[in-house]
Every structure is written in structure tokens, then in C-alpha cells.
Amino acid sequence: QGAQRRIGVALVGLGGYSRDLLAPALQLTRHCRLAGIVTGSPGKIPEWQGKYDIPDGNVYSYDDFHRIADNPDIDAVYIVTPNHLHKPQTLTAANAGKHVWCEKPMAMDAAEGEAMVKACRDNRVQLTIGYRMQHEPNTRRFMAMAEERPFGRIIKLRADAGWFGFRDGPSDAWRTKPEFGGGAMYDMGVYCVNAVRYASGLDPVAIRAWDETARRDIFPDVDETMRFLLEFPGDIVAECTTSFGRNLNTLQVDCERGWYVMSPFQGYEGNAGRASDGTVFEPQLGKTPRMQAEQMDQDALAILNNTAPRVPGEDGVADMRVLDAAFESARNNGTRIE
Ligand code: NDP
């Protein structure tokens, strides 16, 4: 009967993703409600309060956000800020006794991710990462196929994620700055890493990575394009490319006796795909932002029922370990890192 109650969610950072996807998605959920906001932009407050009926007492700045501890309206805090803020804000929320939903990439590196997992464990709150794909039906089918192996042994995976953006220079400043966790690898390469892990059911044992940035004028300090090769146990390999300079959105799994592919594999409207035996994977979730609504409902049910979330913090840490190794390899021109 716990599931009758709605989880009160506070969004931290009222940028593009919160405004255009998560706040509208919260209106579609069955187990959540948008209860509060945390923002560094006072100018955004009146519109958000008006649109979503948020009382004054549930509006916070980054400086007084720790006071959320005293607010029984808010059960979970959803961190949707630039990447360098994910760790400190997770610690603040966890220490305030609130469950944490954190956007990808979970942190700047694995050590930060581990500290976040520990803080949430110590405070007995859940930590889940905003990998919305893991709530998408076709992706869940692919995850099951990693176990079922319908075409025999997996031999090779490919995951490419990118978009041709920033044509007119950096409109979205933090995504081009290293100190904010900018660059394609943090932004979208992390989807490739998560995808080859969930599509194989395995963690990689080695990586080689190359920074292939073409437009250094636009990206002087971060990677525009990264290519990386992962080795998994059992001679399985994965080839990945992520880029701010190319439109890419494919996850392919090649097996002994066939293949299956999703393209897009990270679409807002749900993923579509097919397999070598003629199977077609039709998009199933419906219009944007149904995917985000499904994600938040699942994460709310985990809180209400006190069960493990689908995408625990540890899943994000595993990806951060791969990113750490990828950056180290790329700095050393593709050296193999175990
Ligand atoms: P935006 O730049 O659109 O918004 C970020 C917001 O964070 C800002 O509007 C601001 O909100 C707040 N903020 C706090 N400090 C800073 C700072 N120093 N510089 C800039 N903004 C700051 O980013 P997105 O909404 O696109 O991305 C936010 C997070 O969500 C990222 O981690 C990103 O990876 C993730 N994301 C995930 C997606 C997914 O599909 N899962 C899709 C898009 C993004 P305020 O003014 O309220 O303080």
C-alpha cells in the first residue's frame, strides 16, 4: 500500500533537461510529484512556482539547499546540474536524509562516484543514476538477451553516440570546459560505456582510447570526438565512438549466429531496432517525455517499496572507472589500460 503515496521530488538545477523533459515528465508520473526546486537563478523562480504550484517553503538556493533536511514534503532530490556539481550536491542531499537521483555522468571520476555511493549508504538513502535507457522496453529486451544469448556467444559490440552541435561556437558553455565535466566522453561517451556493459552483461578488463577532436577552435580544452576499444572477458570486444561533431546513435551486438541492433539506442521517443532473424523492435514508450516519466516512476517505486533501484550508484561508478581509464589512455595516445 506504500505505492499509494507519491514521492515528493525536488529538481536541482533548472536548465534545459529539467525544464523541457523532467518537469513535464513529473506531471505524467503515477508515483511522483514535483514538490520543490533548487536553483541559482532567482529569476526562474516565479515561473516555476506559478507553473507547478510550488510553495515558497519548497524553493531553495544552492547555499541553503542543506535546509531541505527539515522539509517532509521532499523525499528525493534529482540533481540535474553540470557534472562537476553532482558529487557535492549528492553529498548535501544524502546528508540531509533525502534519496538521490543523479544525472549522468554521475561524477567527474570513479573516486567521486564511490564517495557518493558511500554517503548515500551511510545515510540509508537510495542513489540512482539517470540512465533513462535502462527503463526503456527495447533496451530491457537487449539486457535480457545478454543473458539469453539467442544468437549464441557475443563476439563484438558497437556503440556510437553523438550529435553535430556547437556549429556556431559554444552556446552551452559548461559542456566545453574541463572543470565543469565538459566534452563528448562525459556527455555521451558514458552512454556508450553503459550500453556495451548492459548489452554484454560484463565489465571491461582493458581499454584503448583516442581523442580525435577535429574542431579544436570550438573545443580547445575538451574532447569533441573520442574513439575507444574495450576488451571484455571471453574475447568479446566493443568499438565505440562519441562525438559533438557527428550524429551517431547506434548499438549493435554481433554474435556467433546473428546480430541485433538498436538505432536510435538513446532516443527520447523510445528505441527502435531489428535482428538478423527478422525480429523488429518497435518503439514502445510513446511520446516524449514518457521515458523520463517511466524512469522516475520506477525509481519512486524502489523508494516506496524499499527495493533496489534499477540503476544503482554502483552502475555509475563502473562507468566512471571506464571513463577514468579512457582519459588516461587518450592522454597516452591509445596506450592499453587494464
Ligand atoms: P543546462 O546547461 O541546460 O542546465 C544546467 C543548469 O544547472 C543551469 O540551468 C543552472 O540551473 C544549473 N547550474 C548550476 N551551476 C551552474 C554552472 N556553474 N554553470 C551552468 N549551469 C549551472 O544543462 P542540461 O540541463 O542539459 O544538463 C544538466 C545535467 O543533465 C547534466 O549532467 C547532463 O549530462 C544531464 N542530462 C541528461 C540527459 C539525459 O537524457 N539523461 C539529457 C540532458 C542532460 P539554475 O539556473 O536553476 O541554477
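Which residue forms a salt bridge with Lys104, and how far apart are the closest N and O atoms? The views below get there step by step. This is a predicted model, where local features need pLDDT of at least 70 and side-chain atom pairs count only at pLDDT 80 or more, while totals for chains, interfaces and linings use all residues. Residues are numbered from 1 along each chain as its sequence is written, and side-chain values use heavy atoms, with hydrogens and water left out.

**View 1. The protein chain splits into two domains.** Domain 1 covers 2–131 + 291–307, and domain 2 covers 137–284 + 319–331; these bounds come from an automatic or database domain assignment. Their centres, taken over C-alpha atoms, sit 26 Å apart.

**View 2. Here domain 1 and domain 2 bury area between them.** That comes to about 1,500 Å², with 60% of it on carbon and sulfur atoms (buried area is the accessible area, 1.4 Å probe, that two parts lose on being put together, summed over both). On the domain 1 side, Lys104, Met108 and Tyr131 supply 35% of the area buried against domain 2, more than any other three residues.

**View 3. Salt bridges cross the interface of domain 1 and domain 2.** The rule finds two of them (a side-chain nitrogen of Lys or Arg within 4 Å of a carboxyl oxygen of Asp or Glu). Back to the opening question: Lys104 pairs up with Asp187 in a salt bridge, and their closest N and O atoms are 3.6 Å apart.
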